[in-house]
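Have the structure open while you read.

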Amino acid sequence: MLLSLPALHLQTSEYHPLFQLPHGRLGPWCSPTGSPAPLSCETGCGEGSWILVCRLLVPTQVSLLSMEEDIDTRKINNSFLRDHSYATEADIISTVEFNHTGELLATGDKGGRVVIFQREQESKNQVHRRGEYNVYSTFQSHEPEFDYLKSLEIEEKINKIRWLPQQNAAYFLLSTNDKTVKLWKVSERDKRPEGYNLKDEEGRLRDPATITTLRVPVLRPMDLMVEATPRRVFANAHTYHINSISVNSDYETYMSADDLRINLWNFEITNQSFNIVDIKPANMEELTEVITAAEFHPHHCNTFVYSSSKGTIRLCDMRASALCDRHTKFFEEPEDPSNRSFFSEIISSISDVKFSHSGRYIMTRDYLTVKVWDLNMENRPIETYQVHDYLRSKLCSLYENDCIFDKFECVWNGSDSVIMTGSYNNFFRMFDRNTKRDVTLEASRENSKPRAILKPRKVCVGGKRRKDEISVDSLDFSKKILHTAWHPSENIIAVAATNNLYIFQDKVN
Amino acid sequence: MFARGLKRKCSDGEEIAVAEGALATPSYSLQRQSLLDMSLVKLQLCHMLVEPNLCRSVLIANTVRQIQEEMTQDGTWRVPVPQTAGRGPLDRLVSTDILCRAAWEQQGEHPALDSASGPAPDLLSELSMAPCAQAPSGVQSCVWGAHSPRENKGSFQKSLDQIFETLESKAPSSVEGLFADVDSPYYDLDAVLTGMVRGKSVSSDGFEALASAGAPSPSSSCKRDLGELDHVVEILVET
């Protein structure tokens, strides 16, 4: 299948300097080289052998190189000084999300663009191409805006994308930046009506007086086009920055959460939303806690959770009251006094919260760990996995260079048996909940050839460094895997490493 | 043996361990101080943005509070100016010195305004005499001052008046100098303040430049003017 949506794309290209690059910014780089490997998918095996299926490079190589330099020099600054002078910063992927069938994969970037990839159709003579994703559609979802009241620039960066369950031939997704959520319809068109004589070539209605006969239009096949059209714009409801959106299982509503409030929307209504959580104190000087993430329960449309910067999770029931100020359940782990430091609160701040597909568990990510909570046990998590515990001794420098505020996300596999989350140095981690085994893999240009098995990486902690280990001091903290996604039913994962999207698949003998 | 070990573990509560550590090893308090300095710089930079990353600034502010509480407990919390004077790299000292003073000055200001006596001369003495118990609230108001519109308009107006008063009474000629410098666009200031964190040379130079323009008067008033400059800077950024 192919991409063609130049209508919207070209419009934005005139506006955005990045689109002026020689070949545009869309150059999907899929290389089907290497020996065909017999592939099948088996859910539940998780941290076995993974192979690179394809690497989807969004911008051109030139900008890729320059960006890496930029990141090094701007490491300290970029998180708190807004700056658009580095155009290539716009290419950094800021969210990744499979749709409910796994056929499509959407990415959003700092430049406000959404790129949708579609899985290669299976065919008998191209077994090895299975699992590859190609660009399906791309569009400019958000533009930089200026809030004249606050004299404030609103970034176009896509913070989150969420797919709606598919109900007809078209696909729908929600995308959000700091302030505004948009509902997009992505649909295909491969036929066009011809012979319509009520309108002229440009589509304008003709003067009825000039029409003497009525002709019935005929649908003629044409090249497939994928169109993305904005269907709803949900604006002006958030004072702070939106960090999460979540589609409810009733398919009629969704919520959007910012630092201090959560709003509930109906998909059909854009001028009204209901505030369901508000933790803003009357006096902002008393503010000590913010909302960091929120999500609806996958099956119970009245239940949702939100996490806070103090490392707690609140489960709320919308049936209890219109404003869910009082939680129904409160998940919190007592602090371990032996690990207490000035950074305790910062590293316990939850950066992501995800319900398991079954709805029974919640997974939370904080700076150093991933935790799995049983909805029926509030006083401690049932599982805690160390993501990069070797950083515990480096917290001071990570605070100094602001890395400690990085927001890592986490995902479940299709059967809830394996969890995955990112780390530094382009490493990402997988934890098998049944076998308790874990693995560190790397998403990098240099070390991964298509169809080659990924080599597990090891970080050396103290003592002598073995041959293939990497020492903590040589980790590259500018290369972080914040966003990953897991195919809803197969062992295919998407890993965003700055401006590259890697697709890996497990290799089953 | 076992019992002793147990007891030791129990009595090794964090506060005690921390307090002992603070007294025994100067490096701990030094580290804590530098962490505090760093946090204050970060907070100040947050305030320069209209909409800072709220999660980040809340976490930093909580860290500052935590450090302060601990310092208050073991009695090491006082005006950071004399304490930090001889230690650490100079560039950081200069910058954080200003930041800390700004925080304290803001606290000291309100009583100074209430009392009819001239604000400027009392300021320093009030600052150094401020009791420890007041410390948390003082810094807190500094921390969130920029975020609460209902309060800051008034207080900034006051402090602006105060600065004018001070400057007019002392060195009328310096007013032009001060504002000529401050008039420069605020992204320059951004660069200066960013340099404070990143580069070493830019920071102190930038501030010295500001300082020398603002305070040609002798050394004692120099420090105060620096603090006031900081206020002007804040006001300019706010507006």
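## Two loops with a positive phi

In this predicted model, Asn236(A) sits in the loop that links β11 (218–234) to β12 (244–247) of chain A. Its phi is positive, near 60°, and the residue isn't a glycine. That's worth a glance, since most residues other than glycine have a negative phi. Is Asn236(A) buried or exposed? With a relative accessible area of 78%, Asn236(A) is exposed, because the cut-off for that class is over 50%.

Ser151(A) is another non-glycine residue with a positive phi, this one near 55°. Look for Ser151(A) in the loop between β6 (145–147) and β7 (152–154) of chain A. Its relative accessibility is 49%, so Ser151(A) counts as partly exposed.

## Chain A overall

Zooming out, how many helices and strands does chain A have? The count is 4 helices and 32 strands. Chain A has 509 residues, and 56% of them count as buried. Its accessible surface comes to about 22600 Å², with 50% of that belonging to carbon and sulfur atoms.

The contacts say something about how the chain is put together. Take those in chain A between residues at least 6 apart in sequence: 59% of them join residues at least 24 apart.

## Where to be careful

Mean pLDDT for chain A is 83, and 82% of its residues reach 70 or more. Two stretches need a separate word, though. Over residues 1–45 of chain A, pLDDT stays under 50, and the model has 112 contacts beyond four places in sequence for that stretch. Over residues 59–87 of chain A, pLDDT also stays under 50, and here the model has 55 such contacts beyond four places in sequence. Where pLDDT is low, the predicted coordinates should not be read in detail.

## Helix α4 of chain B

Over in chain B, helix α4 covers residues 54–73. At 1.5 Å a residue, its 20 residues should span 28 Å, and the end C-alpha atoms are 28 Å apart, so the two values agree. α4(B) is mostly covered, with 16 of its 20 residues buried.

What caps the N-terminal end of α4(B)? That's Asn53(B): one of its side-chain oxygens lies 3.2 Å from the backbone nitrogen of Cys55(B). After the helix comes Gly75(B), whose phi is positive, near 75°.

Methods:
Residues are numbered from 1 along each chain as its sequence is written. Chains are lettered from A and ligands numbered from 1 in the order in which they are written. This is a predicted model: local features need pLDDT of at least 70, side-chain atom pairs count only at pLDDT 80 or more; totals for chains, interfaces and linings use all residues. Side-chain values use heavy atoms; hydrogens and water are left out. The expected span of a helix is 1.5 Å times one less than its number of residues. Buried means under 20% relative accessible area, exposed over 50%, partly exposed in between (1.4 Å probe, protein chains only). A polar contact is a pair of N or O atoms within 3.5 Å; within protein, one must be able to donate a hydrogen and the other to accept it, and residues adjacent in sequence count only if both atoms are side-chain atoms. Contact means heavy atoms within 4.5 Å. Accessible areas come from the Shrake-Rupley method with a 1.4 Å probe; for residues, only the protein chains shown count as cover. pLDDT is the predictor's confidence in each residue, from 0 to 100.
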